[in-house]
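Good morning, and thank you for coming.

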Amino acid sequence: MNLNSPRGTADVFGRDLEYRNYIIGESRKLFKLFNYEQLITPTFEYSEVFQRSIGQSTDIVQKEMYTFEDKKGRSVTLRPEGTASVVRAVIENKLYAQNLPLKVFYKGSMFRYERPQKGRMREFYQLGVEVLGSDNPLIDAEVIWLANLLFSQLGFKDLNLLINSIGCLDCRLDYMNLFRAAVKPKLKNFCKDCQQRFEKNPLRIFDCKNSQCIEQLENSPKIADNLCSSCQEHLGKVTGYLEQLNINFKLEPTLVRGFDYYTGTIFELTSGQLDSAQNALGGGGRYDNLVGQMGGPNLPAIGFAIGVDRTIILMKQLGIKPVLQKQSPKIYIAAMSDEFSSFVLNLLSCLRNYFTCDTNFNIKNIGKEIKWAQKNDFDFVIIIGEEEFRQNQVTIKDLRKYQQYECSWKDEKEKIIELLRGNK
Ligand code: HAM
């Protein structure tokens with residue numbers, strides 16, 4: 001019997017949860033400033049949704065999907081990413097029948113059956129945005145700006161922003177013929193995987209980490225040098241806008257991404273400092289044909305997703321801490337006997353209207369209670385002992401100022417609340 005969490009998954013609590021919530025909170029603020037609305041899609045979809053969009057020849061569809069049959073024998077898949085689900089939802093709910101572009105954001109767990117390593121999990125958390133209904137290069141710049149700004153807002157300084165264009169279907173077809181012709185004579189020098197990629201999806205060869213394959217590719221034609229004039233112009237405008245926004249980026253002609261749906265602009269944010277097998281913190285790009293291919297109208301689109309787990313790893317590594325918002329004071333009620341429980345309940349039901357409050361359900365040693373409260377960031381301890389109980393009063397210990405007050409609970413409630421607010 002195995003009662004542990006499945007390999008490649010994690011329970012999230014304590015500090016890590018604080019980091020995750022902080023990243024979600026900061027991103028929500030930015031999404032609002034950029035006018036993106038949230039969209040929540042199911043965690044699983046019929047398998048065709050991902051097979052048709054991500055592409056049959058990709059690693060994700062070939063090897064990494066959590067696919068199973070439900071009780072009626074229908075094939076369903078835990079979402080490996082968010083874009084395909086968003087596109088499905090936009091088509092199904094006709095969300096395109098309004099002012100375009102449609103700008104949405106999403107967050108949640110994604111699932112990929114990969115070999116787990118630091119920064120690579122089987123269940124991981126993503127935050128993403130998708131914009132559907134515009135091919136304006138200004139939107140590409142906005143989406144890249146947003147991804148970049150999110151990381152700088154979190155406190156990152158030295159991330160690499162890599163940009164490339166993989167062309168439209170027309171220029172990519174011409175390029176593919178050129179690339180195949182250049183690689184074919186030396187195909188035997190490539191690894192087995194790349195030899196297969198050559199047949200099914202040659203661009204993926206650029207993603208190979210094998211040093212011999214990288215070397216073989218050095219003088220091969222690059223897509224960025226073989227774009228049609230309209231793709232070139234589009235990329236030129238995108239990079240021009242990014243320069244205007246003073247965003248540092250690097251044009252990376254060998255950048256490719258692991259999904260078949262991309263066209264035109266693609267980008268990735270990476271860190272040389274990330275102490276993990278994978279260095280991409282986020283990435284995205286255009287997918288101008290996907291909505292049409294999935295049965296919707298022809299809507300050009302672009303988006304990105306960031307990996308929250310990897311972002312947390314790097315934040316911790318670089319000593320970047322979540323900036324906690326000033327919260328309302330935290331009050332801990334330490335009662336010295338269970339007999340005072342109904343007095344405690346009175347206090348809780350009044351004070352919880354104003355403050356974060358808790359009480360000691362178990363330990364009854366006052367020294368231990370105070371130490372515990374200090375360790376857990378409480379601002380005040382209210383002590384209820386024999387004397388306090390009898391007199392209907394409270395002893396308040398200010399843990400920040402090391403001061404103590406005695407007040408009547410019956411007659412001085414307002415004074416107590418002001419005191420706990422820190423106003424007295
Ligand atoms: P992706 O590059 O596959 O893109 O994933 C985005 C980010 O999710 C990665 O940069 C990485 O930080 C994180 N990530 C991916 N796989 C794992 C894993 N196994 N463990 C931990 N983190 C991981 C997409 O998912 C596209 N849907 C992005 C997009 C949106 N393109 C257009 N719109």
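Gly-422, which comes just after helix H15, takes a positive phi of about 90 degrees. Please keep in mind that we are looking at a predicted model.

Let us turn to H15 itself, which runs over residues 413-421. Which of its residues are buried? They are Ile-416, Ile-417, Leu-419 and Leu-420. Seen down the axis of H15, these buried residues fall within an arc of 160 degrees, so they line one face of the helix. The elements that cover them include helix H12 (341-351). Strands take part as well, among them E12 (330-335), E14 (380-384), E15 (393-398) and E16 (403-408).

Where do the buried residues of H9 lie around its axis? The residues concerned are Cys-231, His-234, Leu-235, Val-238, Thr-239 and Leu-242. They cover an arc of only 125 degrees, which puts them on the same side of H9. On the other side of H9, by contrast, Ser-229, Glu-243 and Gln-244 are exposed.

What covers the buried residues of H9? The cover includes helices H5 (137-154) and H6 (169-183). It also includes strands E7 (160-165), E8 (250-251), E9 (265-270) and E10 (280-286).

Definitions and conventions: Residues numbered from 1 in each chain as written. Predicted model: local features only at pLDDT ≥ 70, side-chain atom pairs only at ≥ 80, totals over all residues. Heavy atoms only, no water. Buried < 20%, exposed > 50% of the residue type's maximum accessible area, 1.4 Å probe, protein only. Helix = DSSP H or I, 4+ residues; strand = E, 2+ residues; numbered from the N terminus. Arc of directions from axis to C-beta. Contact = heavy atoms within 4.5 Å.
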